[in-house]
Amino acid sequence: MNKRMLLGIALCTALSANAQKRLQLDVNIKGLPEGDKVTLWAPLPNRVDSAYVKDGHFSFDLDMSEGGTTYIMQVGTNGKLEQGTFMYLEAGKMNITGNGPFFKDATYTGSPFVADWVDIQKSILSLNASIEVKRADLYKKLETAVSLGDEEAIKNLQLDINQLEIPLTKACYEWVLAHPHAGAGSFLINAMLANKLSNDEFKDMLAKTGPELKNTFTIKRMTIQKFGGENALGLMNSPAPVFTLNDTNGKAVSLDDYKGKYVLVDFWASWCKPCREAVPALTATYNKFKDKGFTILSVSLDDKKEKWMQAVAEEKMPWVQVSDLIGGESPVAKRYGVMAIPAAFLVDPSGKIIALGGGEPLNQKLAELLK
């Protein structure tokens, strides 16, 4: 075999490998508004791409060399939920076809990851939708109990919420283990299981999966956030990155202002549904420990002040709220390695991060520390 032939084979191999790291996303749906802008947003890397509708069609050709992750696709700029959808994407091809309106009852075909995503929609997301009304009702009751300071009701409602989520958590866990080579499983680990798995359980789950899942952008970011890395800040047991941001009145607030207290640095946003659903339980934690040397400092990843202020008022959060109002580009969020919200970091009186996350594990930790 001569050198020219070897060079040709090597070049073809390189081109083929490069092609495999791209995604061709093609959408044909009847009745889409002509000329509307379509935004495709990846929240974790905070990547935004756009296209325009022409004759019910639009397409994207994306570089996926960093690995698969979850995207949100929105038609138009009015923010209506029914005009958008979210999905897991990785290198390959995805075709979406339908008769409208928008993505309702659309058909998804293409590379093997597409079939995995469709299966998650049918088996997991449908289960999640089936408990949504009950979940919302329990959170509303929890909010009322918190406002009344009814500790017994708060405890019972939190138990009811945990019980309601058990079948969904079990289904997510079983799906990932049954599809160890499916990158789409990273969506379930991040969106459905992240706050329910300890670090050891997270490592144990990953040990049972293949490189297709481990090398997704989502899982790589989760691993960095949980355990640090050569080029990342190891958060646990390290000094919390100090920051200064303006509160809702435009007053500068620094994390250093809280030295001597246990403070939960809480990242959230007005548009984040899980963040807002978590507020009643977080408020209960705040009320329980606020007189024992604990407080909360919430950092919003909003980019519009009016939306931020409206959400703060609606959720009636009594602790300090700050934001730089530049969304996912916030340097503070990047310094903390925030890959998804809600995300929370418990900082001790010396300024060191001693725990991650909220919910019942946070309550248990604070009960130990603030006896």
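**Notebook: helix pair and open sheet**

I started with α4 and α5, whose crossing is left-handed (the near helix is turned anticlockwise from the far one by less than a right angle; clockwise would be right-handed). Helices here are DSSP runs of H or I with at least four residues, strands are E runs of at least two, and both are numbered from the N terminus.

Ground rules: this is a predicted model, where local features need pLDDT of at least 70, side-chain atom pairs count only at pLDDT 80 or more, and totals for chains, interfaces and linings use all residues. Residues are numbered from 1 along each chain as its sequence is written, and side-chain values use heavy atoms, with hydrogens and water left out.

I looked up the axes next: α4 (residues 151-178) and α5 (residues 185-193) come within 9 Å and cross at roughly 155° (lines fitted to C-alpha atoms, for helices over the stretch in contact; angles run from 0 to 180 degrees between N-to-C directions). That makes α4 roughly antiparallel to α5 (angles over 145 degrees; under 35 is roughly parallel, 65 to 115 roughly perpendicular, the rest oblique).

Then I turned to the sheet. Seven strands form an open sheet with mixed pairing, in the order β10-β9-β13-β12-β11-β14-β15 (a pair needs at least two DSSP bridges). The edge strands, β10 (252-254) and β15 (353-356), each pair on one side only. I get an average twist of 35° from one strand to the next.

Last, I checked β11 (residues 262-268) and β12 (residues 294-300): they run parallel, joined by seven bridges. Tyr262 stands opposite Phe294 in β12.
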